[in-house]
Amino acid sequence: MTTDERQDLGTPASSVGHSPEAERAYRASIAPPPRPPLPPEQLERARFAGGVGGAMLLLGADLVGLGVLLLLLPLVLDSVVRRLADVLPEVEPGVVADGVAQLYAGPWPWVAALLVVAGIALAAGGGLVSVRVLRAAGLAHPVRLTLAAFALALAGRIVLNIFTAPFSSLLSPLLERGIAGLAEGGLVAVGTVVGLLIACAMNVAIASATAMLAWWFVAHRMRPPAPEVEPEEPSWSSLLRHHHQPH
């Protein structure tokens, strides 16, 4: 039996010879076909789902994190000051305990709880918007796509906040001065309000851009594989022609 006949019977190319070219050709023949790109309409809807629903998810996570931080901050301060009291004799733990008790007796816990509830509601609305937009666009597994894209966008937002933290600390004195100027009124108060609105708008824009990129990337990575091509059934004429060929 010749080499051609063995290949016709389905013998792998690697068992016929040890040629690297033949081995690569054999592996390429059995490799799955590349996944086709998503249609532009679906990519556009994925970016829209990230720009709206993803931004709502990120902002909701920010509010939840801020509320939890405000709720735990007095306890953290109390623990830190009590440790300092063991080292510095002029620090009185009782005074700190009274201050923490006054914080929890005031509106502090209610403000923190309100931020948490508002953040959860905003995040739930964003997730619902994302899933509905992706499902209407015909994308597969919209819930899984939303969760994966949100995790990626949240990680990117945390990394971005770490790099921008030094610049944010430079603005803290200006913000404190502006908030103190709200009680004075006049141009200082107007400037403070405008500055806060600009900061909020920039935060929303950054969250929307980050989510759009994450949703687009995850939708591209989770695109379906190429459809399998079913082999055509041989016709009677081709079977007869193959049967009468000399071997």
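1. A residue is called buried when its relative accessible area is under 20%, exposed when it is over 50%, and partly exposed in between. Leucine 73, which is found in helix α4, has a relative accessible area of 31% and is therefore partly exposed. Leucine 73 also belongs to a nonpolar patch on the surface, formed together with Val68, Leu71, Leu72, Leu75 and Val76, and the accessible area of these residues together is about 460 Å².

2. The model is a predicted one, and the confidence values deserve a look before any detail is read from it. The mean pLDDT of the protein chain is 75, with 55% of the residues reaching 70 or more. Among the elements, helix α2 (residues 13-16) has the lowest mean pLDDT, at 44, whereas helix α6 (residues 108-136) has the highest, at 92. Over residues 1-17 the pLDDT stays under 50, and for this stretch the model has ten contacts beyond four places in sequence.

3. Of its 247 residues, 22% count as buried, and the chain exposes about 17,300 Å², of which carbon and sulfur atoms supply 70%. Among contacts with a separation of 6 or more, 80% are accounted for by residues 24 or more positions apart.

4. Just after α6, glycine 138 takes a positive phi of about 85 degrees.

5. Leaving aside residues up to four places away in sequence, glutamine 42 touches Ala137, Gly138 and Leu139. Is glutamine 42 buried or exposed? With a relative accessibility of 16%, glutamine 42 counts as buried.

6. How many salt bridges does a search of the whole structure find? The search finds two. One of them joins glutamate 44 to arginine 47, with the closest N and O atoms 2.9 Å apart. These two residues are three residues apart in helix α4 and are therefore separated by about one helical turn. An α-helix has 3.6 residues a turn, so residues three or four places apart point the same way. Glutamate 44 counts as partly exposed at 45% relative accessibility, and arginine 47 likewise counts as partly exposed, at 26%.

7. The other salt bridge is formed by aspartate 62 and arginine 157, whose closest N and O atoms are 2.7 Å apart. Because aspartate 62 lies in helix α4 and arginine 157 in helix α7 (residues 142-182), the pair ties together parts that are 95 residues apart in sequence. The two partners fall into separate accessibility classes: aspartate 62 counts as partly exposed at 29% relative accessibility, whereas arginine 157 is buried, with a relative accessible area of 5%.

Definitions and conventions: Residues numbered from 1 in each chain as written. Predicted model: local features only at pLDDT ≥ 70, side-chain atom pairs only at ≥ 80, totals over all residues. Heavy atoms only, no water. Buried < 20%, exposed > 50% of the residue type's maximum accessible area, 1.4 Å probe, protein only. Contact = heavy atoms within 4.5 Å. Areas by Shrake-Rupley, 256 points an atom, 1.4 Å probe, with all protein chains shown as cover. pLDDT = per-residue confidence, 0-100. Helix = DSSP H or I, 4+ residues; strand = E, 2+ residues; numbered from the N terminus. Patch = residues over 30% accessible without salt bridge, like charges linked within 9 Å, V, L, I, M, F, W, Y side chains within 5 Å. Salt bridge = Lys/Arg side-chain N within 4 Å of Asp/Glu carboxyl O.
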